[in-house]
Amino acid sequence: MDAFIFPHLSTEKSTAYFALFRNVENASSLRQRVVKVSTLTDADERVEEERDAVNLAFIDARLITSRTHLQTAVHQALLASSTPNGMRTRSVHSEILFYLNPTNNITESFKNFGLSDKSTSLIVVRIGKPVAPAAPHLRPDQKEMQVQELMKDAVIGTIVPLDDPEQGLESITDWAAVRKLFKLNTEPAVKNASSPEEERVVVDRIVTSAVAMKSVMQ
Amino acid sequence: MASSSRPHCLLNEPDRPYLALGLEGSANKLGAGVIRHELDGSSTVLSNFRHTYITPPGEGFQPKDTALHHREWALKVIPDCMQKAGISMHDLDCICYTKGPGMGAPLQSVALVARTLSLLYGKPLVGVNHCVGHIEMGREITGAKNPIVLYVSGGNTQVIAYSRQCYRIFGETLDIAVGNCLDRFARVINLSNDPSPGYNIEQEAKKGQRLVGLPYATKGMDVSLSGILTSIEALTYDKRYRADGLARGPDDTDIITPADLCFSLQETVFSMLVEITERAMAHVGSKEVLIVGGVGCNERLQEMMGIMAEERGGRVFATDERFCIDNGIMIAQAGLLAFRCGLTTPLAKSTCTQRFRTDQVPVLWRH
Amino acid sequence: MASVSLQLISFSEQISQGAEARIFKAQVTSDSKPVLLKHRFKKKYRHEALDATLTKARVAGEARTLLKCLKAGVHVPQILVVDASEGILGIEWIEGQCVRKLLPGGEEPEEGEVDPPSTGPQQSLDEYGLTIGKLMELIGAELAKLHKADIVHGDLTTSNMMLRHPSAFTSSTKQDVPTELVLIDFGLSFVSTLVEDKAVDLYVLERAFASTHPDSEPMFASVLQAYERALTAREWKAVKNRLDDVRLRGRKRSMVG
């Protein structure tokens, strides 16, 4: 499966597995499951397994403009999680959503970029150790399989390669929604774009930069 | 100025020893000094006398009173200087005086003395740029060959580099001079002007513990200091400020003392100065830095500059108060260099000027 | 433990060192495009708390300016990594050449340049499908966009402008040239609406042209023509008049001694 490998990060954070799911069928029930897990207490039965099963970032793929865009959000979230008191949210997965969002409002970042009942295209990201703590000696390809199984257990849909020209991100990104969310329609760079293709390049460069500099945004 | 006819170095090996008297009075110090340029190219300071006009705490020096001070003390300082040097006025090659920049009235009173001596003894006059005086004396004393110069005093804040017969100003203050900033703050907190407000700020700063936030304003190779002064003055009205420096009880821990403010002021302002100096060094590829001017005596500034220079694989040159603070000998040194290149000031042109930029002087004595 | 972004630097190749920062060519993931890391390293002469605050503010300031430029349509590198507390700014690595090296007289290493980076075989303007005149037009147009957005670069030189190499320029737009002029190094930039600041910005570039490239007058005149075309008559007149003033007095305002 696809992954970002960051060699400069510590072992448990250096790999961010991700998959693009199309035709997602269980968005609503998945969302309810995630909400329920967040209310569990340590005393509940099978709490560890249940938490681990949804310990993923679910990102609305329509608002992701490129592989670099996604990678930048994941990397900045990882930087934050590696700094004492660096995170603004409770987990590195929710931190990714926070970095993607144009404002500093955490609830809003879930609303804009997270899982909703209507989601049909999701990018699912998993950072961290292999699922089964009892199996520390897994080979990388075995870990990968395990993460993929975990994602498939959570999301009912079709996994497609992110860069696939027909089925991949290119066919999913909702550019109008991105421009609206980032308030780019009145910016000269967007207004003066000479073609829709150029406009997309420009918008992608802006939103990726916005993600990268989120921590120093005014 | 890139034409092929640009001037070249006119300074020749001395055919005999040369002697000059320098008179300085651009601010509140009256100085007189005698220098001798030896046959082997070295220089000897024969004498260097100074008297400072000191005002009560909380007061600055006014031009009129300062001019009066200079006129009175000239009659003592100059003869003392000649006597110590062990020479007569007749032995001199030239009489050098500060043409500017500085305060009008004090400059004029010293120029008048210089003119009088020139006529009495039939000696040529050399009008000297005060800033160039500092630079040349600094180079002479420290042996720095081609340093970036940080010139910091009550009236000037400049980063200077020599290039093609000119001391080019790379960076400078956009508003007030650093010495002026320190002196005015010393007045706000009622520090003594004896021996100088800057010295007393430096001593206070050593007791400071707390770094308070002040505006940090570098713009390229320039700095702006007036905002810092406004901001630090405002802090003396802060409810945490304790003018006596004492806590009001065991729970009174969140306080700002005058020492804290002196400390913060120095740390902030000196950081800015070191930063623009470093930028100039990187720009011209120089590894040496020379600090001149009254604020240049400050040991914390010297220390910071030293750390910076060392990290760049270079070193800092500084002088002590005898040569950092305005003095007559530096005027004699720069004047005698000019004299040996054939530059003198005819009586009719022996004026002074409050504005006289460092880069206006043709530096014919350097390659 | 060293911070993560310092770890990234330790895996990277140092390209150059200036007074403020070291420049590295880095790779965030093993298969992504290279990133230019600008590391504003600790200044030991400065009080630690002051140094930390300043470094952070400067990384933030530079990043904000870049984003503002991107939105204004000024060609600048996109931002990819920010770790302000460590003084690190990571931007897109531009494949191409700086304008200085493509103009006559610009081949010599710059004053203070430690190791002239190995650029391989000498590149020429032909390779970029440009004439000197066309290049000057690109510069003027870019500066006009910058100033219309009230951004002042603060350190305009031909070293701080790059051309994207045609082989690395993949924009699908209707461009008449196979390249793009990119402005870089916004370390001294600031936001200003003042005509004075914009005029000084242009003057600094004019001086840089004069000191680096022989017979630069017609070149800079073409830059100004293109700049003028992108401004309204009123805007241009204000800048032009002020530029003439600045030329007379120099970059510095005349001041009391």
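This is a predicted model: local features need pLDDT of at least 70, side-chain atom pairs count only at pLDDT 80 or more; totals for chains, interfaces and linings use all residues.
Q: How is contact between chains read, and which chains share the most contacts?
A: Two residues are in contact if their C-beta atoms, placed from the backbone, lie within 7 Å. Of the 2 pairs of chains in contact, chains A and C share the most contacts, with 31 residues of chain A touching 31 residues of chain C. On the chain A side, the elements that give two or more residues are strand S1 (2–5), H3, helix H8 (188–191) and helix H9 (196–212), and H9(A) supplies the largest share, 9 residues. Helices (H or I, at least four residues) and strands (E, at least two) are DSSP runs, numbered from the N terminus.

Q: How is the side of chain A that touches chain C divided by residue class?
A: Ala, Val, Leu, Ile, Met, Phe, Trp, Tyr, Cys and Pro count as nonpolar, Asp, Glu, Lys and Arg as charged, and the others, Gly among them, as polar. By that scheme, this side of chain A has 14 nonpolar, 13 polar and 4 charged residues.

Q: Where does chain B stand in relation to chain C and to chain A?
A: Chain B is in contact with chain C, through 27 residues of chain B and 17 residues of chain C, and the side contributed by chain C has 7 nonpolar, 5 polar and 5 charged residues. No contact joins chain A and chain B, and their closest C-alpha atoms lie 18 Å apart.

Q: How is the packing of two helices read, and at what angle do H3(A) and H4(A) cross?
A: Two packed helices are described by the angle between their axes and the distance between the axes. Axes are lines fitted to C-alpha atoms, for helices over the stretch in contact, and angles run from 0 to 180 degrees between N-to-C directions. In chain A, the axes of helix H3 (residues 67–81) and helix H4 (residues 92–100) come within 8 Å and cross at roughly 125°. Angles under 35 degrees count as roughly parallel, over 145 as roughly antiparallel, 65 to 115 as roughly perpendicular and the rest as oblique, and H3(A) and H4(A) are therefore oblique to each other.

Q: How are domains read, and which domains are assigned in chain C and chain B?
A: Domain bounds come from an automatic or database domain assignment. For chain C the assignment gives domain 1 (1–93) and domain 2 (94–108 + 122–257), whose C-alpha centres lie 24 Å apart. In chain C, 14 residues of domain 1 are in contact with 15 residues of domain 2, and helix H2 (residues 48–72) of chain C gives the largest share of the domain 1 side, 6 residues. For chain B the assignment gives domain 1 (18–137 + 324–360) and domain 2 (145–321), with 27 Å between their centres, taken over C-alpha atoms. That contact takes 17 residues from domain 1 of chain B and 26 residues from domain 2 of chain B.

Q: How is burial read, and is Val195(C) buried or partly exposed?
A: A residue is buried if 20 or more other C-beta atoms lie within 10 Å of its own, exposed if 12 or fewer, and partly exposed in between, with C-beta atoms placed from the backbone. Val195(C), found in helix H5 (residues 195–212) of chain C, has 18 C-beta neighbours inside 10 Å and therefore counts as partly exposed. Not counting residues up to four places away in sequence, Val195(C) touches Ala238(C), Val239(C) and Arg242(C). Buried residues make up 43% of the 257 residues in chain C.

Q: Which residues of H4(B) are buried?
A: Helix H4 (residues 178–188) of chain B is mostly covered, with 8 of its 11 residues buried, among them Val178(B), Leu182(B) and Phe185(B).

Conventions. Residues are numbered from 1 along each chain as its sequence is written. Chains are lettered from A and ligands numbered from 1 in the order in which they are written.
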